[in-house]
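Subject: Structure handover, disulfides

Hi,

Here is the structure I promised to pass on. Please open it alongside this email. My notes follow below it.

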Amino acid sequence: MFWLLLVVSASCTLAGLDKATAHCDGIDLREITIQVLHDHYLTSRLTVQKVTECYLNRIHALNPTLNAVISTNPNAHADAIKLDLKMKRGKWGSLYGIPILVKDNIAVDGMQTTAGTLFLKDIFPKKEAIVVQRLRKHGAIILGKTNLSELSGLLQSDAEQGFSFAGGQTRNPYNMTSDIFGSSSGSAAAVAANLALGALGTETLGSIMFPSSTTALYGFKPSYHPTLNQEVVPLAKPLDTVGVISRTATDTAILAQAIASKPNIGRQHINLKRIRIAVLEDHYKNPYVKPHLNLIKESLVNLERNGVNVVKTTSFYMPPDYTYSVLRAIICEFGPQIQNYLKTGTSRLSSANPKIKNLKSIVQWYKNHHGSKNYTLDFLNPVLNCSSSSTFSLLKLKQEMQHNLTEFFTRNKYNAILVPSHPRASAYVAANVAGYPIINLPIGFIKDGSAVGVALYGPAESDSLLLNLARAFDSRAHSRRRPKFMN
């Protein structure tokens, strides 16, 4: 009861702080879009330096309760001043002056990369992630690093998702007592609470889709490409993919274009009347999805009004225990990947944890510090017993799913598949394993204030199609609303 009272008090305080920090030189930053902010820059109503200060003020005001941000960028102010000078020289990028947050398993120059852990604290990456370099090239301001489920959710089986010892428990701005899910929890909470215009997250088996669906956001995982997981603390590199989270489909497309290996994604014109979307009815029988069915039906009507052909059908073939096999392979993949990261990907500027050199020492560290408090180590302990063929196993599972999905898309002439986004439905494991693109579409809210989404995924390199479908959907749906930080 005492904890509940604290949450109620905190939500009232947050609502007041949200209002108090909303305006920047008279401009309401809440729900602002990239285009609108650019318009204010062009008319000199705002400067990048002022906007950066206003967003940092919001973070400092709201984050002590939300726990969405682990650390702010000490170079943000200096970077903003440089961008204002570039503006005077006529230099402009698609993300000019746009405040962005980055999940704290992605390397940013001058900032530690903790992956939510304490044993990686004060360890800095040797070089910045390629995706962050691409954001900077387009003019983005990196405000800071966001919280996440520790080690991308691999560690805990009984702790809440969105929890890390480095950042605390991330809270959902729409319903402060409900699970936000993870692992890109902080990125989603921060964007939903208007602490930035967008954020980077990472996805292996739903880490962007899950929290995006519970916070009324567009979350996009691009087609798998190795460059999208470079300088990222790994979970399973054959699947790990950096993606983007934003409040509108258009902003999501702009962010996706900026980090893309193929920068023209989302720009091609698509005739929506030629698009066939498969609705896999199997997934809608899940009991967790039942309260969302009316909203899902409305989303289907929305797509049909755009001319899309929606076809209800049964699912494609998935072998028995396939998801369990994938989880086991990911667990085994983690061991050698994290050891390689510790050896080659970090530059230790602190001797706080000099004994953390390999997987065995990580497991022992958790047993010594937190094993009995929050973590059962149910997932981490088995990593020590994995065989050396784990990478091959994951790649084999990936190839198997690519074959099954390609056959399903081709035989039925489907362009995309629509499934519920509820985290406990596990409806897009197949697309994640295959390395195919996925996007979450926010479709509304249920009685307790929780947000609901559906996910679209397509075949390999169908990123442009999904982004265009999302924009068409967004133009009619208008299903997002600003959070009120209620319990």
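This is a predicted model: local features need pLDDT of at least 70, side-chain atom pairs count only at pLDDT 80 or more; totals for chains, interfaces and linings use all residues.

A search of the whole structure turned up 2 disulfides. Counting bonded cysteines along the chain, the pattern is 1-2, 3-4.

**Cys 24 and Cys 54**

The sulfur atoms of Cys 24 and Cys 54 are 2.2 Å apart, and the two residues form a disulfide. This pair links distant parts of the chain, 30 residues apart. Cys 24 is in strand 1 (residues 23-24), while Cys 54 is in helix 3 (residues 48-66). The link of Cys 24 and Cys 54 is right-handed, with 80° about the S-S bond.

Are these two cysteines buried or exposed? Buried means under 20% relative accessible area. Cys 24 has 0% relative accessibility, so Cys 24 counts as buried. Cys 54 comes in at 8%, so Cys 54 counts as buried too.

**Cys 332 and Cys 386**

Another disulfide joins Cys 332 to Cys 386, with an S to S distance of 2.0 Å. The link of Cys 332 and Cys 386 is left-handed, with -75° about the S-S bond. Cys 332 lies in helix 10 (residues 322-344). Cys 386 lies in the loop between helix 11 (359-369) and helix 12 (390-412). The pair therefore ties together parts that are 54 residues apart in sequence. Cys 332 has a relative accessible area of 8%, so Cys 332 is buried.

Best wishes

Technical notes. Residues are numbered from 1 along each chain as its sequence is written. Side-chain values use heavy atoms; hydrogens and water are left out. A disulfide is a pair of cysteine sulfur atoms within 2.5 Å. Helices (H or I, at least four residues) and strands (E, at least two) are DSSP runs, numbered from the N terminus. Buried means under 20% relative accessible area, exposed over 50%, partly exposed in between (1.4 Å probe, protein chains only).
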